[in-house]
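Dear colleague,

I am handing over the structure below, and after it I set out what was found. Please read the notes alongside the model.

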Amino acid sequence: MFRTIILLAVAVCAQGFSHHAGVRSSVARSSVRMEGARINQMVDLDSEKVVNTVELDGKKVFCRCWKSGTWPLCDASHVKHNKETGDNVGPLIVTPPKA
């Protein structure tokens, strides 16, 4: 069960920034989406696809803005991004199930 939660969390983290690429309501999409714009501007750019595996030993806070210097973990870079762009992106927080 916990492994399923971890895999789901990683999938959500990978997809989490999709709203920044313009996957919002049709009204917002037309004003935000930049066709051909790259979401990931700094993480493992030489790879065809960025995939990471993280073993959880407690609470983890994952980046969804692709701007973290500690990616895939959050370093709060989204705060500056949100102030500069008016966006509202935040991290994905994953905690193990309570025993």
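In what follows, a residue is called buried when its relative accessible area is under 20%, exposed when it is over 50%, and partly exposed in between, computed with a 1.4 Å probe on protein chains only. This is a predicted model, in which local features need a pLDDT of at least 70 and side-chain atom pairs count only at pLDDT 80 or more, whereas totals for chains, interfaces and linings use all residues. Residues are numbered from 1 along each chain as its sequence is written, and side-chain values use heavy atoms, with hydrogens and water left out.

The pLDDT, the predictor's confidence in each residue from 0 to 100, averages 75 over the protein chain, with 64% of the residues scoring at least 70. Over residues 12-31 the pLDDT is below 50, although this stretch has 29 contacts in the model beyond near neighbours in sequence, a contact being heavy atoms within 4.5 Å.

As for the cysteines, a search of the whole structure finds zero disulfides, a disulfide being a pair of cysteine sulfur atoms within 2.5 Å. C65 is buried, with a relative accessible area of 4%, and its sulfur lies 3.8 Å from the closest cysteine sulfur, in C63, which is too far for a bond. C74 is partly exposed at 21%, and its sulfur is 6.0 Å from the closest cysteine sulfur, also in C63, again too far for a bond.

Helices are DSSP runs (H or I, at least four residues), numbered from the N terminus. In helix α3, residues 77-85, the buried residues are H78, H81 and N82. They lie on the same side of α3 because they cover an arc of only 100 degrees around the axis, taken from the directions from the helix axis to the C-beta atoms. On the other side of α3, K80, K83 and E84 are exposed.

Best regards

Methods:
Helices (H or I, at least four residues) and strands (E, at least two) are DSSP runs, numbered from the N terminus.
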